[in-house]
Amino acid sequence: MGQWGNGAMKTWPHCLIAALAILLASCSRPPAPLEVSFVNPSGGAYLVRVSGLSSAELKALEAAKLDDTAWQRVLDVRVAGAERPVAGRYVMAAGYLDFVPTFPFGPGLRFEARFDPTGLPQPRAAEPIAASWTVLPGQPRGPAVVVSAIHPSAGAWPENLLRFYIHFSAPMSRASSVGFVRLVDDRGAEVKDALLEMDVDLWNDDRTRCTVFFDPGRVKRGIRPNRELGRALRSGRRYAIVVDATWKDQWGQPLKAAFRHEFTAGPAIEKGISTADWRVTPPAAGTQAAVEIAFAWPLDRALAERTIGIVGSDGRPVAGNVSVEPGETRWRFVPASPWRAGAYQIVIDQSLEDVSGNQIGRAFEIDDRDPVAGAPRADRVFLPLTIKSGQ
Amino acid sequence: MRLLKLVVLVVLVLASASMPVAARPPAAAGPAFTSIGPLAFGPGGVLFAADRQAATIFALNLGAQASGKTPGTKDIAGVDQQIASLLGTAATDIAITDIAVHPTSKNTFVSVMRGQGANAKPALVRIDGAGTIDLVTLDALAFTSVTLPNPANVSTTGRGGRASSVTDLAYVDGRLVVAGLSNEEFASKLWSVPYPFAATDRGASVEIYHGNHAAVETRAPVMAFVPYGINGQLNIVAGYTCTPLVKFPFSTLKAGEKVVGTTIAEFGAGNQPLDMILYKKGGQDFILMSNSRHGVLKIATAPFGSAGAITTPVKGTGGVPFERIATMTGVEQLDLLDGERSIVITFQDGRRNLSAVILP
C-alpha cells in the first residue's frame, strides 16, 4: 500500500491529466452507435452485450436501481417467440451493459435480444436494436449409448421378483423407465400393469443404472392388485424385458438399439436368506487369493456388492476388491495385501436382499403370527472366517 | 489538497465505470442444492426442499421472496413451456418435481430440474396471482439443513450406486417427517427429525410394514402421507407403493419401533399415490389423492375412526368408501390452494397446465 501510494504520488500529474482527459472526452463525446450482440468474453459462457452507451448513461442505469420490469424494458432477452424473458442479471462493466443469464442459453434454441434506448433513465431518442442467435445443439461426446447389462443376469427369474437393474454404457437423460421398459410374454404381448409406473428418480448418481420395480401390489400376496391380477410372472412361462431404443441419453440421442432380455419365470422364493447355506472358501495365508462365498440362490447384485465385506480381528475393514459373478450366486473378495493367518470375519449389512426382497433370516413376506420374524434386530451379521497357513 | 480531492474523485468515477456492478447485488452463499425435489411448507412459512443427490433436506427462509407482487396463483397454460422459457431452455429439457403453495401469500412454488445428466441444475420458481413467474434467488436465502440417514457401505469397493428419493415430506407436531424409496433395497423407512434442526439429534427411523391378508406382513414404502387426527389421536394417513391406504399413530414413530399400518382402504392396481391433500367441505374432512394412472380419488375421513382394519380379503372395493373424480385427469402435481380450491399441474395433449380447481 505504501509503495503503491508513493508510486502514485510520483506520477500524480500524469495520472491526473490522463484521467481528466478521459473524463472530459467521455462527457463531451457524442453518443456512440449502439450495438447489441451475443458474446462469450474470454471463451466463457455466452451473454448479451450492449455497447455504445456513454459512461453517463451506464452510471444513470446503475443509479436507477431498476426493477425486473423496467430492466426488461431496456434490454429484453428471450427464447424466440416465448411469452416471458429469460432470467438473468444486468451488469455494467468495462463500458458495456451485459445481460448474464442465470443458466446457460439452452442448446438448439434461437434467442432474441432487444435493446430499447428510450427505456434508459435518460432516454436516448433512437430506434430499438435487436440481435438473435441460435445456440448449436450439444454434440454427443461419444457413440450412441447401449444397454450394457441387466441384473439379475440369470436366465431364470423367480415369479416374485421385486426389481431389476438396467445398466447403460454412458450417462442417460433424467427420464424414468416409465414408457421405455416393458414386460412381454412368449407371444410378444405386453403384460400390462406389471411394472411400477412411478415417476420417482431411481437412477444412480451418474445415471448409468436405472432400477425398475415390479408392481409390489401384484408381487405381495393378498393385496388387491395381487388378488385381481395375480403376479405378473407365472412360473414356467417365458418372458422378455424389452428396453425401447427411444429412451434418450444425456445428449438427447436415442439408444443405439433396443434391448431384449429373455428369461423363464421360476418358482417364487418366499423364505429368508440362510447364511448357514452359504459355502465359504477361505484362501491360504500369504496369498492374495480370493475369499469366495457361494450363495444358495441368486442375491441382489447391487446389494451383494455393497453390503458384504471382510473385517480383521481388530474389527477394521480389510481393503480389497469385491466382485459378484454372473448369475449373482457367487461373491469374491480379493485382498489388497496378502492374507495373514488368523481370525477374520465376514460382515454383512442386514439390508442385503435376494432378488425377491428376502433378507437374512427374514422372508419378504413375514408370517405375522411369528413375533420374532419381524422384530427389530442388529444392523449387521458376522460370520467367522479363519485363514490358515500352508493351505 | 484540492488537487488531491479532484484526483480521488476522478479515480472513483473511473473505477465505478469499470468495475462490475450487479443490478442485483450478490448475496451471501445460500443453500448449495445439487438437485431439488419434493417441497413442503412448515411453521412460519419455512419451505422444506429435498435434495436427493446430496441426501439433504434444506429448510429455506424465503424472506421477501415468499411473495410476488400479487397474492394467489393464476392459472398458466403450458406452465412447463413458460418455466422453460424463464430458464432459457426448452420444455423437454426441464422436469417439474413438485409444487407447494405458500400458506399466506398463496403463491405457488415449483421445484424444477433443468438440463440432463451431469449438467442438470436445480431451480425454484414462484408463480403469483398475476401469473408472474419469478426465479427464486437461492443464493440470497437463509437456511438450515439436515442430512438424511444413509447406510454406510460395508464393502470397501462397493459400486456406490445407492440413492434414496424422497417421496413425500411434511412438518408434523414439531418434527419433519420424510418418506423415501431406495433404488436398491426395498426400504420402507419413515424418518423423522425435530425442527428446528439440532446438530445433536439425528432423528429416528422406523420400518413401516403392511399387514396383507394372507397372514403376512411386508415392508411397505410410503409414497404420500398427511397427518390427521383420528379419535383425538394424531395419525399418519399414508398411501403405500403397493396401493392400500393405511393409518398409524404418530406416537409410534420412535427409533427402533416396528410400525404396521392399519389398512383402511384398498384401491387396486395402478393406484400408486402421487400426492395427498386434506381439506374441509360442508363441515366434513376429505382427503384428495392423485395417483399414477387412475386420476384423483376423494376419500371422506369421517369413517376413519370407526373403520375396522381390513384383515381379510374382500371382494372388489374394500374399506372406507372413495369416489373417483372423473373431471380431474392427468394430474401430476397437487396441492391445496385455499379453502375452496386445489392447485394442480396436469399433463394433457403434450403440455402441462397449472390451474386452480374447485375442491370436489
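## Strands β4 and β9 of chain B

Strand β4 (residues 56–61) of chain B is joined to β9(B) by 6 bridges, and the two run antiparallel. Within this pair, N61(B) faces A142(B) of β9(B). Strands here are DSSP runs (E, at least two residues), as helices are (H or I, at least four), numbered from the N terminus; two strands pair if DSSP finds at least two bridges between them.

This is a predicted model, in which local features need pLDDT of at least 70 and side-chain atom pairs count only at pLDDT 80 or more, while totals for chains, interfaces and linings use all residues. Residues are numbered from 1 along each chain as its sequence is written, and chains are lettered from A and ligands numbered from 1 in the order in which they are written.

## The four-stranded sheet

The pair belongs to an open sheet of 4 strands in chain B, ordered β2-β3-β4-β9 with antiparallel pairing. Its edge strands are β2 (39–41) and β9 (142–147), each of which pairs on one side only. From one strand to the next, the twist averages 20 degrees, with axes taken as lines fitted to C-alpha atoms (for helices over the stretch in contact) and angles running from 0 to 180 degrees between N-to-C directions.

Strand β3 (residues 47–51) of chain B is largely enclosed by the rest of the structure, because 5 of its 5 residues are buried. A residue is buried if 20 or more other C-beta atoms lie within 10 Å of its own, exposed if 12 or fewer, and partly exposed in between, with C-beta atoms placed from the backbone. In a regular strand, side chains alternate between the two faces of the sheet. Both faces of β3(B) are covered: L47(B), A49(B) and D51(B) are buried on one side, F48(B) and A50(B) on the other.

On one flank, β3(B) pairs with β2(B) in the antiparallel sense over 3 bridges, and F48(B) stands opposite A40(B). The hairpin of these strands has 5 residues between them, with G44(B) at a positive phi near 65 degrees.

## Chain B as a whole

Chain B has 2 helices and 26 strands. Of its 360 residues, 49% count as buried.
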